[in-house]
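Biologist: I am new to this one. Please walk me through a few of its residues.

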Amino acid sequence: MAAVTPSPDVSPVSAATTNGQFPRDSFCLNLSTLPDASNFVLKSTLKSPHLLESPNGFYTGTGALNGNFKKRPRNMSQSSGTDREMSTDTTQAQTNGAAPTSNGEPRPNTKKRPSTDTIDYPRRRATIACEICRSRKSRCDGSRPKCRLCTELNAECIYREPGIKLDAGDKLILEHLSRIEGLLQSNLANGLGLSTHSPAASNSTSEELLARSTGNMAALGLIPAMNGLGTWNNSSSNISTMPKTHTTPALHLLKMPMIRELVSRPYDPQVLLQLEMNREPLSLGTSLGLDLSNTGAYVQAFFERVNVWYACVNPYTWTSYYQTALSHGFREGPESCIVLLVLALGHAGSEGSISQQPPDKDPPGLAYFSAAWALLPSLVTRNSLLSAQCQILAAAYLFYLVRPLEAWNVMTSASMKLQLLLGAPGRLPPHEKELSERVYWNTLMFESDLLAELDLPHSGIAPLEETVGLPGGFEDVGAEALGRDELWYFLAEIALRRLLNRVSHLIYAKTNPITSIAQLDPLVAELDYQLTQWYEGLPMPIQFPHGRVPLQNTVQTVLRLRYFACRTIIFRPYILLVLQDENLALDPNVQDNCRKCLEACIRQLEHITAHHAGHLPYLWQGALSIVSQTLLVMGATMSPSLSALLPPPHQMDIIIDDVVLEIERYARLAPSLQLSAEIIREAEQRRQDWLRRAGLKV
């Protein structure tokens, strides 16, 4: 790997983490803290995906998803071309002026696909700031051997001298963060105040506010109750996967100050899981007729509206799958099961949100799903990739039906297969590699979405992400394709899901407590920086505008909502701290971070029907996220300092009323959503009563 020199544009903070590491994504989708992420160069022109057509049919901007793309030596004219093969071979060829072919494409590289973490970074001049000042975004006076801040903190003062060549990016980050972790541990152990705040406008000093916030965090459940400040968990773990225990779920907010006043009784966060466990099983009668007259329309709908979310059906081999299924009468084999599930999802995708369907009729696609479900028992015991693909498609339809635990059961079975198939080299033939990557990432994202809301066992699939690559495009086998190979959204969602997992690990994990605002600030700054880098690295056809203009593109709409959901949970701890102690809002930094959180909440709630764009893959997950943001905003309206950061009270009433009505429309779909609807309905009634008693409403 080429040597890397430091950059002034490196992330604002390299904060201490669970084991002294901020991981960089091996596939580098703009989630790392590595220098000069904005200067990655797109190595080849990319065909624009079908749903995301750019004006000239190509995307030639820099840093698509912040990765260098190398075209495989195969025909991918209809694929999204997002083959994240970031190799020094490609970079070196560009550096040496290797000429492109006559049609403007780079010459294909037939060498063996290298590791995805071999990236050549441009060199930039180092700053004179020491590493501590750089991490805290403080002005460094450059004094030697110690600057003023490091002298005050009794910290090791380290300068990166210009011209010194550093080792690979990962090693640099690990060394840098190890020093910062040591500094934090030393200061925590010695009881020193690590203030990053200006003195408040009141008589309270910044140090007093920070001392008070330490106790507040324990009370809020951001850290476990304990004597002292706690310790770091030095065990090896991947913080880009969901932690075993965390306080991210919506119902944890009901334990928080002010918000707990909005419900008449306490709720155990496990109640949603218990409700889903006690739910009546899915009824799939054998009398459902199988109408094959509209298969063409449903297949087209699948490739135009559904496969963009999952990217796990090959449009080039679809015809052969269909012919095989037809020859078996759709009664046996994985091909029959896959075809039936595609028809089920295609029918669902053509009818819009399931929340808008008549409750007295079967959901769209249920007949096809019932036929596929009858084939699954014979496939569950097969150790083949096609069997795992069937299970992931079945889980996708179960998510559409708002059946999260059924989806989890099917998904975990697929996870076991994948762990067996991907656990050692040679168990899969080379031509199945691309499909295996797509099935793997779907499985990991399904599990992460479920673990974010329910306390479920982990399947054990997460560690494989260190060895499984990113999808790069199905090989065109020369057959007529019924759709385009959509990848841009899928890759962007992989990166964002990993970042969401990091947020849960670094801020909400119970095993890695955050003990003060001084500790929280650098973590939040780092995570917010990574989210910004993720957004800036999106290819232009899917990069959404930040403004409030409604979007016609469903992919952009969903990504924008997911972006603001991630931003909300990054900054949420500040809202909870201010609800515990209003004086903390006197700190300008705390107030600014509260504003960022509330703004992100409002952006998700003000046009609530925009969420329909992602209801096929995300209705259940999105509904619980909406409930969480609504409870947070309700609590903020009851706080003098936080309510000043929100829209006017009458506008907030309209927004909240619209949300309550929307969640009530979902209530019939799942018992967990029914309880969620009851909670926010009661919470709004009690909020209005509280405002009247406080004289804030007539």
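Modeller: A disulfide here is a pair of cysteine sulfur atoms within 2.5 Å. This is a predicted model: local features need pLDDT of at least 70, side-chain atom pairs count only at pLDDT 80 or more, and totals for chains, interfaces and linings use all residues. Residues are numbered from 1 along each chain as its sequence is written, and side-chain values use heavy atoms, with hydrogens and water left out.

Biologist: To how many disulfides does the count come by this rule?

Modeller: Start with C594: its nearest cysteine sulfur, that of C597, is 7.3 Å away. For C597, the nearest is that of C601, 4.4 Å away. By the rule, the count is 0.

Biologist: Is C597 buried or exposed?

Modeller: Buried means under 20% relative accessible area, exposed over 50%, and partly exposed in between, with a 1.4 Å probe and protein chains only. C597 has 0% relative accessibility, so it counts as buried.

Biologist: With which side chain does the side chain of D485 make a polar contact?

Modeller: First, the place: D485 is in the loop between α13 (433-451) and α14 (488-508). Helices are DSSP runs of H or I, at least four residues, numbered from the N terminus. A polar contact is a pair of N or O atoms within 3.5 Å; within protein, one must be able to donate a hydrogen and the other to accept it, and residues adjacent in sequence count only if both atoms are side-chain atoms. At 2.7 Å, the partner of D485 is the side chain of R438.

Biologist: Which backbone nitrogen lies 2.9 Å from a polar atom of the D485 side chain?

Modeller: D485 is buried, at a relative accessible area of 0%. The backbone nitrogen at 2.9 Å from its side chain belongs to F474.

Biologist: Which side chain is in polar contact with that of R687?

Modeller: R687 lies in helix α21 (residues 671-693). Contact means heavy atoms within 4.5 Å. Leaving aside neighbours within four places in sequence, R687 has contacts including L262, M634 and D653. The polar contact, at 2.8 Å, is with the side chain of D653.

Biologist: How many of the residues of α11 are buried?

Modeller: Helix α11 covers residues 385-400 and reaches 23 Å from first C-alpha to last, close to the 22 Å expected. The expected span is 1.5 Å times one less than the number of residues. The helix is mostly covered, with a buried count of 16 of 16.

Methods: Helix = DSSP H or I, 4+ residues; strand = E, 2+ residues; numbered from the N terminus.
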